[in-house]
Amino acid sequence: MKALLTAAVLGMVAVALLGADYALSQSAFVATWAIAGLGLSLIVGQAGQISLGHGAFLGIGAYVEGLLAVAGWPPWVSAPAAVALAAAAGWVASLPGRRLGGMAFAMSTLAIALLVEEGLVRWESVTGGAAGLAVPSLRIAGQVISGPLGQSLVSTALLIVAYACCRRWVASRIGRAWRAVREDEAAAAAVGIDCGALRSLAFVLGAGLAGLAGVLYAHWLAYLSPEQFGLQLSFELLMLVFIGGAARLAGALWGAAVIVALPQLISLFTDALPARWGSASGVETLAFGLLIVLIILLRPAGIAGERRQAGREAG
Amino acid sequence: MFAQVLTSGIATGCVYGLVALSFVLIYKATGTVSFMQGELLMLGAFAAVFAHDGLGWPLLLAFAGAVAAMFALGALLERSVLRRAIGQAHLTALLLTFGLGMVLRGAVTAVPAATHEMHRLPLPFAGEHIAFGAVVVAGEHLVVILATALLCLGLGLFFRFSRAGLALRACSENPRVAALMGVSVNGMHTLAWALGAALAACAGLLLAPMTFVFPGMGLIALKAFPAAVLGGMSSLAGALAGGLFLGVVEAIAGLYLPEGVKDATAYALLLVALLVFPRGLFVTRGA
């Protein structure tokens, strides 16, 4: 209840400061990032594994949706296809780590992320390569959704559905098993939990949610290019989960708001700097990196997390 | 032709191997997955450019100065920031090093002199061709291979015969027992980061004559992850061998396979290695 109230107040402040259209289009992005963040928080926060390739799953969702939308497929066919393919990529990425866990996931998801980025650049005949891909507006039941209000409503509705699903999963037998695997793998295996299958399940569901976020992202941005889905995006999503606090699902929502607002605050700051202080892109990278370091050092459990440190790894 | 491609592959593999070596060294000693080796490599190369072009130091002195400066920077970063990540989740430390890497990359990019012009590091024999009978080899590749061999010989001697080297190995094998034997575990963490940074800087100095010196040159360090996994993630010699293997495979793939496959080979190999040889391609005995 308190969280809802805070969100409402924040929303009103945003509308008052930024104007309704701008605030609404930003809220569409916050909701989209939050869906991807929910997926990653299943993998990182619940199952206690590392994914360095979440940006690539989002990219697969975005590109599949973009290509099918260009080909004229209706969204209720193309969106499930995009989500399914992203989930399949998540399953493939989870295979090497099924047996090994821990670092193997970091390495295999890193490899998948770099392969997907390379594939998007090189497979020019389909993806348009580095030149990018223009995506038509989302069209639901004959209605073209292109304004900020429509985008915000669709994203928020899907976020609510995704959040409800995650809440159910986390509260269910699966969620308890994930936390058991996270805390102590040997003990989890001893009570009959199939650790490998559960890890894979976390990656399938997490990558599927990232794919869903990618579907929305493709339409909201209307233009896709491979470098949007590089390692930088994967790390931004990790930061999103970390900022909000990985141990709780609601952390993804707070993290998404911060991650969307941060680059804009930083660019306000760099615009105010005198030009001879060097290139703005360098200062932006510097400021973002510094924030990451400070948050990790000062609030290791996330800004929304008052509990103990999130996701301490066993072994 | 084939011999030239092979030596160029071995030379690139040496750079991969050195970065992988620095990564595994840090990972084994401190348990931290470092995502900033590429930035350390880049900074090392820039430090040498600054000392050579900016301060007018002779080349060898500039190289030594750059490596020493990076050694100090590694120790300083461990003492001030990275130490706090010890004992935390893998992910925390990984994000911390990624953030620090961004700080370093951003700081270099923000300096106008670093981005507005191309920098080169002259190296002895660069641009020359050395003929062994019918086989012609590019000078810079030969220098890189020889320098790597010397560096590895030095490291091998350090780990086998020096007190600090033995202590560092003991600490990587079992920190508790090492501490009971009177080894300062904290000190070894600092040493591991300092050595890791210095090694990355060496890789940067060797890479510099093959490419330009620019803020994005650290991207090559991503290839260190496949190299480290191919080497089994826990062996220093394995990491070096993994890097060499990767460099050669990439060079051969570039020769025979279509454009673009070359860059993907490393990551495809990484996936295969994790699936089929999770302990690395080589039978390891520790470093």
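**View 1. Burial in chain B.** Of the 287 residues in chain B, 54% are buried (20 or more other C-beta atoms within 10 Å of the residue's own, with C-beta atoms placed from the backbone). Bear in mind that this is a predicted model: local features need pLDDT of at least 70, side-chain atom pairs count only at pLDDT 80 or more, and totals for chains, interfaces and linings use all residues. Residues are numbered from 1 along each chain as its sequence is written, while chains are lettered from A in the order in which they are written.

**View 2. The fold of chain B.** Chain B has twelve helices and two strands (DSSP runs numbered from the N terminus: H or I of at least four residues for helices, E of at least two for strands). Along the sequence they run α-α-α-α-α-β-β-α-α-α-α-α-α-α. The radius of gyration of chain B is 19 Å, close to the 19 Å from the globule rule for 287 residues, so chain B is as compact as a globular protein of that length. That radius is taken over C-alpha atoms, and the rule is 2.2 Å times the number of residues to the power 0.38. The C-alpha trace spans about 60 × 50 × 35 Å along its principal axes.

**View 3. Contacts within chain B.** Take the contacts between residues at least 6 apart in sequence: 73% join residues at least 24 apart. A contact here means C-beta atoms, placed from the backbone, within 7 Å.

**View 4. Where chain A meets chain B.** Chain A brings 40 residues to the contact and chain B brings 37 residues. On the chain A side, α4 (75-100), α5 (103-122), α11 (231-244) and α13 (280-298) each supply at least two residues. The largest share, twelve residues, comes from α13(A).

Key. Buried ≥ 20, exposed ≤ 12 C-beta atoms within 10 Å, placed from the backbone. Contact = placed C-beta atoms within 7 Å.
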